[in-house]
Amino acid sequence: MKLLLANPRCYCAGVDRAIQIVELALKQFGAPVYVRKEIVHNRHVVGWLRDRGAVFVDELGEVPEGALVVFSAHGVGPSVNQEAERRALRVIDATCPLVSKVHAEVERFVDEGYHILLIGHAGHEEVEGTMGHSPDHTTLIENVDHARTTPIPEHHKLMVLTQTTLSMDDTQHVVDALRDRFAADGYLFVKTLMPKDVISALRR
Ligand code: SF4
């Protein structure tokens, strides 16, 4: 008998943590607990939370002033925090600590004079949150074609970061295309901070 094992595709630790945070908030504070964006792309889990009093919204404008809102694991940009503050919302930030680390890296590298090339999908909430930390110094690279052709501001230091939810294999193809493109322009890839995730390039 031949047994085929499917590659597991369940939700990750960051999303699992965010779901538990919503459950705890419901227990501690009672319904309704507003949740910005679907906490997980799984209608059974979303339905289960909804039945217990979670209210999923796309934007903070849908949350009544002063209400309790949970930010999803995929994180938010500073403008979302500012809007929450303006509207006196009570915020529980369930951003995955690894996503927060990427946000901190965007700010640190921009401060150090890098332009960020962010590999990710346009419209994904994590990408919106990450780009929101430095929109003027970040260029989104969606795929291998983009990596080859997207105009990138003249800059002598580039940093490649990735959306955390991408498959390593797909991401590696995009990183390879960037490496080929910039090697031809005289850039030297100098370090990898996390395997295949963060690569910085400096012009020779
Ligand atoms: S970094 Fe992203 S993919 Fe990884 S655990 Fe956190 S939310 Fe999930």
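Ala88 counts as partly exposed at 47% relative accessibility, where partly exposed is the range between buried (under 20% relative accessible area) and exposed (over 50%), computed with a 1.4 Å probe on protein chains only. The model is predicted, so local features need pLDDT of at least 70 and side-chain atom pairs count only at pLDDT 80 or more, while totals for chains, interfaces and linings use all residues. Residues are numbered from 1 along each chain as its sequence is written, and side-chain values use heavy atoms, with hydrogens and water left out.

**Backbone and loop positions**

Ala88 sits in the loop between helix H3 (78-86) and strand S4 (90-93); helices (H or I, at least four residues) and strands (E, at least two) are DSSP runs, numbered from the N terminus. The phi of Ala88 is near 55°, a positive value in a residue other than glycine. Lys37 is not a glycine either, yet has a positive phi of about 75°. Lys37 belongs to the loop between S1 and H2. In the loop between H1 and S1 lies Pro32, and the peptide bond from Ala31 to Pro32 is cis, with omega near -5°.

| Residue | Relative accessible area | Class |
|---|---|---|
| Lys37 | 12% | buried |
| Ala88 | 47% | partly exposed |
| Thr139 | 12% | buried |
| Glu154 | 69% | exposed |

Thr139 is part of strand S6 (residues 138-141). Leaving aside neighbours within four places in sequence, Thr139 is in contact with His115, Ile116, Leu117, Leu118, Thr150, Pro151, Ile152 and Pro153; contact means heavy atoms within 4.5 Å. Glu154 is in the loop between helix H6 (144-149) and strand S7 (157-162). Along the chain, Glu154 and His115 are 39 residues apart, and their C-alpha atoms are separated by 9.2 Å.

**Nonpolar cores**

A nonpolar core is a set of buried Ala, Val, Leu, Ile, Met, Phe, Trp, Tyr and Cys residues joined through side-chain atoms within 4.5 Å. The largest has 22 residues, and those touching the most other members are Ile19, Val22, Ile39, Val40, Leu49, Ala54 and Phe56. At least two residues of this core come from each of helix H1 (13-29), strand S1 (33-36), helix H2 (43-51), strand S2 (54-57) and strand S3 (68-71). H1 gives the largest share, seven residues. Ile19, leaving aside its neighbours within four places in sequence, is in contact with Tyr11, Ile39, Val40, Val45 and Leu49. A second, separate core has 14 residues, including Leu166, Val174, Val175 and Ala177.

**Domains**

The protein chain is assigned domain 1 (13-95) and domain 2 (98-203), with bounds from an automatic or database domain assignment. Their C-alpha centres lie 28 Å apart. Domain 1 and domain 2 each bring eleven residues to the contact. Between them they bury about 770 Å², 55% of it on carbon and sulfur atoms; buried area is the accessible area (1.4 Å probe) that two parts lose on being put together, summed over both. On the domain 1 side, His74, Pro78 and Thr95 supply 55% of the area buried against domain 2, more than any other three residues.

**Ligand surroundings**

Cys12, Gly14, Cys96, Leu98, Val99, Thr164 and Thr165 surround the ligand, each with a heavy atom within 4 Å of it. This shell has four nonpolar, three polar and no charged residues. Here Ala, Val, Leu, Ile, Met, Phe, Trp, Tyr, Cys and Pro count as nonpolar, Asp, Glu, Lys and Arg as charged, and the others, Gly among them, as polar.
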